[in-house]
Amino acid sequence: MNNVFVYCEMEGKHVADVSLELLTKGRKLADELGCQLEAICAGSDLADVEKQVLPYGVDRVHVFDAPGLFPYTSLPHTSILVNLFKEEKPQICLMGATVIGRDLGPRVSSALTSGLTADCTQLEIGNHEDKKNGITYENLLYQIRPAFGGNIVATIVNPEHRPQMATVREGVMKKEIVNENYQGEVIRHDVAKYVPETDYVVKVIDRHVEKAKHNLKGAPIVIAGGYGMGSKEGFDMLYELAKELHAEVGASRAAVDAGFCEHDRQIGQTGVTVHPKLYIACGISGQIQHIAGMQDAGIIISVNSDPNAPINAIADYVINGTVEEVIPKMIKYYKKNSK
Amino acid sequence: MSLKIVVLAKQVPDTRNVGKDAMNADGTINRAALPAIFNPEDLNALEQALRLKDTHPGSTVTILTMGPGRAAEIIREGLYRGADNGYLLTDRAFAGADTLATSYALATAIRKIGEYDIIIGGRQAIDGDTAQVGPQVAEKLGLPQVTYVEEIQQVADGRIRVKRHIDGGVETVEAPLPIVLTVNGSAAPCRPRNAKLVMKYKRALGGQEKAALEKDGVALAYADLYEKRPYLNLVEWSVADVNGDTKQCGLSGSPTKVKKIENIVFQAKESKTITGSDADVENLIVELLANHTIG
């Protein structure tokens, strides 16, 4: 009772990375709260699915295995969570801020009239004082997220309602195995007890999923090029540096619009948001929409021939030079000094 | 078949065009510097609704929005593009609503509208980016939902087929009506205003807009028109009008509370500026290797 729950998203038989990241975060929250971590896996053909989640420190795995549960549709998965939560009364429920999590989370919160905060970038435990009513709430989940187009950061709490629900994007939290042999209880539920037949009304008649070509969202190092790269060939230099540093290549909107780089690598408000530990901006001036997609990077290096480029204002290191000059040197000196 | 379509639309501050004057000197947001606009993805939703109206004669498109009196602008913008009518949910009791309280208010208003086959809105609003209100409304009404819709392909025999985005791909799904849909920003853009409809509706006003004009001592131009042409009076609904429970509306109906707000002010960090010389670049690489930033 009153444990931390993570809804594990399934792509076929595989638990999504974002869910494993949330299990890692959930384990830490559960330790801090002195409670257990529970996982929910709902899909089809889920024999042995627990082997994927238990190593992340899961104390109980709830498996819902039935033919109609994959591909995901909203109603059956909503019924599973709503009915399970009525029995288990979790204090916290986390899910990925993916298409599925953002489809499912709001429905569950609406059914349980509990609060939900979307796209959190940090989750912490802390107290909350309601000064107006003179009540102090202990050990609430602080749900921290950017809002207002990335212009403010808000800390949200749900003082009265349970579960406290939050979604988190892929790549924001780190996944970390606690113990390969972590022992947890596996509960295989009778799906029909949780999901009425009438829930299976939406039929998926066609589905195309391509394996992601890159992992820009989750990359620890991102090398991004802007209009200043000059050409598609200019980007080849970035791919070369990326190969050395085990990094991913991204681009500003200007570079994508100019055809230097594919659209799915665009970083910024209308593209991907990245949170790498190192961000190398090459020939990027730094429009606010671009900055909104990378401002949480740990260390920012700006390579720019314009000393007044706006991005320099948020950079930790500014290399004043042309990309053609600097990037080959970075490759050269990395090769020379690494190992 | 003719369809009854309700479009959920929101007036939002234009957070995409945050200029230099968007922040006050004390770090708070200068709302006056942000123009109020029709939430972009709600326009994509409106277009899908209008296309259905084009292909299903006899269908009606109703705009439903919630906000202060000036949000009647959203209904006018809808009418200019081909919507048939609209309702503005406006009441102090709705203020401070989080997504759950918002969805409660919208769901009660939809029940008041009564007849609907398709309820359609944008995937998310640019001021909150939560994508929660659509699914929460669907749950409150006990309806199925399809989110991240790219295109409505077909509506026939009480069923709908839509193409939608999923992570890393696309899906085609079929579902029975009535249904709630939320539309992605990559869907077809909304048609422009129709000049004839602009002429027809440009004097359409909500009650609070009229009152605001009178308060400023401005006589309502063509006052008699509002009696002759009832469609110029945009309908406002209060909590009582939709039989709402004030406890479930606004701040009191919101389980989430904002504990703290921090403004992001782009301040120069302590940054090191170096040249592109061999020595400088090598020193930087060595430093990054030493502190394990790169491996």
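Predicted model: local features only at pLDDT ≥ 70, side-chain atom pairs only at ≥ 80, totals over all residues.
Helices, of at least four residues, and strands, of at least two, are DSSP runs numbered from the N terminus.

View 1. Chain B holds 8 helices and 14 strands. Along the principal axes, its C-alpha atoms fill a box of roughly 80 × 55 × 45 Å. Of the 295 residues in chain B, 47% are buried. Among the contacts in chain B with a separation of 6 or more, 71% link residues 24 or more positions apart.

**View 2. The side of chain B that touches chain A.** Here 65 residues of chain B are in contact with 70 residues of chain A. Several elements of chain B each supply at least two residues of this side. The helices among them are H3 (99–113), H4 (133–141) and H8 (278–290). The strands are E7 (145–156), E8 (159–166), E9 (169–176), E13 (257–263) and E14 (272–275).

**View 3. Strand E9(B) and the make-up of the contact side.** E9(B) provides 8 residues, the largest share of the side of chain B that touches chain A. By residue class, that side of chain B divides into 28 nonpolar, 20 polar and 17 charged residues.

**View 4. Strand pairing between chain A and chain B.** Strand E18 of chain A, residues 317–320, is joined to E14(B) by 4 bridges. The two strands run parallel. Within this pairing, Thr275(B) in E14(B) has Asn320(A) standing opposite. E14(B) is also one of the elements that supply at least two residues of the side of chain B touching chain A.

Note on methods
Residues numbered from 1 in each chain as written. Chains lettered and ligands numbered in written order. Buried ≥ 20, exposed ≤ 12 C-beta atoms within 10 Å, placed from the backbone. Contact = placed C-beta atoms within 7 Å. Nonpolar A, V, L, I, M, F, W, Y, C, P; charged D, E, K, R; others polar. Pairing = 2+ DSSP bridges.
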